[in-house]
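Here's a quick briefing on the fold you're about to look at. Have the viewer open and follow along.

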Amino acid sequence: MEKLHYKFETKNPIKKPIHIGVVASGDLEVIFRPTDSDETVVNIVTGSDGFKEVWQNVLDRFFARYPIQADIEINDFGSTPGVVNLRLTQAMEALQDEK
């Protein structure tokens, strides 16, 4: 098990918490929480060690597209970069859903 921490300079604060996905084989959960900080902190707990650079690349692409300001927690159980990107994108869709 590995714990990873990333920080990103961002500018668009979120207003509500979001929880997407479940921790299961090949899947992960993504939790976005509003923050008063002027940066986004991403804390990841993953069962797959040695993928720090892959996580960095996935998160760099996500924040280049969606510069949201939030505290983000990701609990991973061996998901692929495609699944990570899918869950992050689903969280963005949930943030934009005004129902």
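A helix crossing is called left-handed if the near helix is turned anticlockwise from the far one by less than a right angle, and right-handed if clockwise. Helices (H or I, at least four residues) and strands (E, at least two) are DSSP runs, numbered from the N terminus. With that in hand, the crossing of H1 and H2 comes out right-handed.

Some ground rules: this is a predicted model, where local features need pLDDT of at least 70 and side-chain atom pairs count only at pLDDT 80 or more, while totals for chains, interfaces and linings use all residues. Residues are numbered from 1 along each chain as its sequence is written, and side-chain values use heavy atoms, with hydrogens and water left out.

**The helix pair**

- H1 and H2 pack at an angle of about 30°, and their axes are 10 Å apart. Here axes are lines fitted to C-alpha atoms, for helices over the stretch in contact, and angles run from 0 to 180 degrees between N-to-C directions.
- On the H1 side, Val54, Trp55, Val58, Leu59 and Phe62 do the touching; their partners in H2 are Pro81, Val84, Leu88, Thr89 and Met92. Contact here means heavy atoms within 4.5 Å.

**The nonpolar core**

- The largest nonpolar core has 26 residues, and Phe32, Val42, Ile68, Ile74 and Leu88 touch the most other members. Such a core is a set of buried Ala, Val, Leu, Ile, Met, Phe, Trp, Tyr and Cys residues joined through side-chain atoms within 4.5 Å.
- At least two residues of this core come from each of strand E1 (2-9), strand E3 (18-21), strand E4 (27-33), strand E5 (39-46), helix H1 (52-65), strand E7 (71-77) and helix H2 (81-96).
- Leucine 88 is in contact with Val30, Phe32, Val58, Leu59, Phe62 and Ile74, once its neighbours within four places in sequence are set aside.
- Isoleucine 18, in strand E3, counts as buried at 10% relative accessibility. Buried means under 20% relative accessible area, exposed over 50%, and partly exposed in between (1.4 Å probe, protein chains only).
- Skipping neighbours within four places in sequence, isoleucine 18 is in contact with Val30, Ile31, Phe32, Ala91, Ala94 and Leu95. From isoleucine 18 to isoleucine 72 it's 54 residues in sequence but 9.6 Å in space, C-alpha to C-alpha.

- Leucine 4 sits in strand E1 and is buried, with a relative accessible area of 4%.
- Not counting residues up to four places away in sequence, leucine 4 touches Val42, Asn43, Ile44, Thr46, Lys52 and Trp55.
- Phenylalanine 51 belongs to the loop between E5 and H1 and is partly exposed at 45% relative accessible area.
- C-alpha to C-alpha, phenylalanine 51 and leucine 4 are 9.6 Å apart in space and 47 residues apart in sequence. For leucine 4 and aspartate 49, the figures are 9.9 Å and 45 residues.

**Buried polar side chains**

- Aspartate 27 lies in strand E4 and, at 14% relative accessibility, counts as buried.
- The side chains of aspartate 27 and arginine 87 make a polar contact of 3.0 Å. A polar contact is a pair of N or O atoms within 3.5 Å; within protein, one must be able to donate a hydrogen and the other to accept it, and residues adjacent in sequence count only if both atoms are side-chain atoms.
- Leaving out residues up to four places away in sequence, aspartate 27 touches Val22, Asp76, Phe77, Ser79, Val83 and Arg87.
- The side chain of asparagine 75 has polar contacts with the side chains of glutamate 29 (2.7 Å) and glutamate 73 (3.0 Å).

**The annotated serine**

- An unreviewed UniProt entry annotates Ser25 as "modified residue: O-(phosphoribosyl dephospho-coenzyme A)serine". UniProt positions follow the numbering used here, feature names are shortened, and annotations may be inferred rather than shown by experiment.
- Serine 25 is in the loop between E3 and E4, and is exposed, with a relative accessible area of 67%.
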